[in-house]
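Dear colleague,

I am handing over the structure below, with the sequence beside it, and after it I set out what was found. Please keep it open while you read.

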Amino acid sequence: MTVVVLGGGNAAGYAAREYVASGGKPGELKIIGEEGVVSYERPALSKGFLLGAAKLPGFHTCVGGGGERQEPSWYADKGIEFRTGAKVTAADLKAKKLTLEGGEVVSFSKLIIATGARVVKLTEFKVPGADLSGIHYLRNVKDGEAMLAAMAQAKEHGQKVVVVGGGYIGMECAAGLVSSGIKSVTMVFPEPGLLGRLLTPELAGVYERLYQEKGVTCVKGAKVTGFTGADGKVAGVQYTDASGATHTAEASLVVVGVGARANAELFAGQVEMAAGGIKVDGQMATSVPDVYAVGDVAAFPLKSVATGEVAHARQEHVTHCRMSAAQAIKAALGLAPPPYDYLPYFYSRIFNLAWVFYGEAAPGATVVHFGDTKEAKCFGALWVSADGHLVGAFLEGGSPEDPAVLKAAVASKAKVDAAKLDASSGAAVIAALKAAH
Ligand SMILES: Cc1cc2nc3c(=O)[nH]c(=O)nc-3n(C[C@H](O)[C@H](O)[C@H](O)COP(=O)(O)OP(=O)(O)OC[C@H]3O[C@@H](n4cnc5c(N)ncnc54)[C@H](O)[C@@H]3O)c2cc1C
């Protein structure tokens, strides 16, 4: 038998770990990845890596999931072939064959598609000047290295930096830029507040204040319309504000974080798709026999905490990538794992802060804010359904044990009596959640 993992990213490393743990035979697992290095913990790129604190081989998988660090020798020792710098240019799922750049054909008995996602580039929308040099995106180590070099230049010459996007990549990059000593960092984003898809205006306000204190300017409600440049290099970011007035923010370095798109095109017309990715069932199996999909590219049946309805969804998050990789390996090895059961989970780290979110910021839920937002120590919000059940929870700070309490409370849809909560204290709210599930 030959099990092939297509894509050598975050999920591939965890697939290899599970393969070994589940008793997969040496010599029967092959990983084919386009990047020049074996799997690593991608989230580190916008955190320790930008600060120069994390360098490969330090953050190869599976260090983020509490496992052994899998350097190239780990794969060799386990009899796993990890092909780096190998791009798959064609896939024939029925014939069970992949073609690599250069023409080599690789056959498989079982295939796990782990091609992940790629950044959405502003050139795709024909934004004028979006192809100027000095405009960076962050998806892989190569991008990260280019950004570090540009950051060193910006620091040395006191240049201005603009971050386009107020999501978690934009937020983490802005924190990394200012923390690494760059004096002028401006974030420009169209939403009325940071991380608009998740944070309430109250929570977003706390982070905006913190960014301001660190010297980062947030320009909200701003739509980027183009870039100015000289000699092929970016010099400014043009945007319109909420009133429609146009502005230009000076910038020698621009970092764009405006979303990602699943790498699913290779398989179009051969396999059922959903939610912009490859449709899988609870075993991570696609509509083609012996073909599985995991991680960012997989659209899997996700049960809504709030409504109980099941719909196919993609989750571009590392916990899902780890868990789905393990699930697909078990299924491919014939171990018939119980159906995939995933509770949406998000986290981020900026400056000396760290937040977690479980469940859903469900529309129509009552939001209860709690804790000390002034000191930004232990605060957050609960999303409580109309019938009094917890469907989502956000926590900044707190003790290392608190996230597990939140997770269990959301997973069990703990009954919450908002009127009885002592919302002034984060610790009191956590204790109440602990008692409630
Ligand atoms: C900067 C950054 C910060 C992040 N921070 C967080 C965070 O704080 N928390 C969190 O939960 N998630 C975070 N994420 C998301 C997380 O990293 C992803 O969910 C995770 O990497 C998905 O794993 P994956 O294996 O599905 O895809 P990837 O890790 O993207 O791996 C896919 C791999 O497939 C390769 N590939 C694609 N097509 C081909 C081909 N045709 N041939 C060969 N190889 C191919 C790619 O080169 C890539 O190496 C972050 C992502 C980024 C970019």
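Strand 1 (residues 3-6) and strand 7 (residues 110-113) run parallel and are joined by 4 bridges, where strands are DSSP runs of E with at least two residues, helices are DSSP runs of H or I with at least four residues, and both are numbered from the N terminus. Within this pair, Val 3 stands opposite Lys 110 in strand 7. Both strands belong to an open sheet of 5 strands with parallel pairing, whose order is 3-2-1-7-20, and two strands are taken to pair if DSSP finds at least two bridges between them. At the edges of this sheet are strand 3 (80-83) and strand 20 (291-293), each of which pairs on one side only. Neighbouring strands here are turned against each other by 15 degrees on average, with direction ignored; the axes are lines fitted to C-alpha atoms, for helices over the stretch in contact, and angles run from 0 to 180 degrees between N-to-C directions.

Before going on, please note that this is a predicted model, in which local features need pLDDT of at least 70 and side-chain atom pairs count only at pLDDT 80 or more, whereas totals for chains, interfaces and linings use all residues. Residues are numbered from 1 along each chain as its sequence is written, and side-chain values use heavy atoms, with hydrogens and water left out.

A second open sheet has 5 strands in the order 9-16-10-11-12, again with parallel pairing. Strand 9 (135-137) and strand 12 (216-219) have a single partner strand each, so one side of each is left without a neighbour in the sheet. From one strand to the next, the twist averages 20 degrees. Inside this sheet, strand 10 (residues 160-164) is joined to strand 16 (residues 253-256) by 4 bridges, and Val 164 has Val 256 as its bridge partner.

An antiparallel pair is found as well: 4 bridges join strand 21 (residues 298-303) to strand 22 (residues 310-313), and the bridge partner of Phe 300 is Ala 313. The hairpin of these two strands has 6 residues between them, and in it Gly 308 takes a positive phi near 80 degrees.

Let me turn to the ligand, which is surrounded by 35 residues, the closest being Glu 35, Arg 42, Lys 47, Arg 139 and Asp 296; a residue counts as near if one of its heavy atoms lies within 4 Å. An oxygen atom of the ligand is 2.9 Å from a polar backbone atom of Val 318. The protein covers 95% of the 980 Å² of accessible area that the ligand has on its own, an area from the Shrake-Rupley method with a 1.4 Å probe. Helix 4 gives the most to the shell around the ligand, with 3 residues. The shell draws at least three residues from each of domain 1 (3-118 + 261-332) and domain 2 (122-258), with bounds from an automatic or database domain assignment.

Finally, some backbone details deserve a look. The peptide bond from Leu 56 to Pro 57 is cis, with omega near 10 degrees, and Pro 57 is in the loop between strand 2 (29-32) and helix 2 (72-77). Another cis peptide bond joins Thr 61 and Cys 62, with omega about 10 degrees, and Cys 62 also lies in the loop between strand 2 and helix 2.

With best wishes

How values were computed. Polar contact = N/O pair within 3.5 Å; in protein donor to acceptor, adjacent residues only side chain to side chain.
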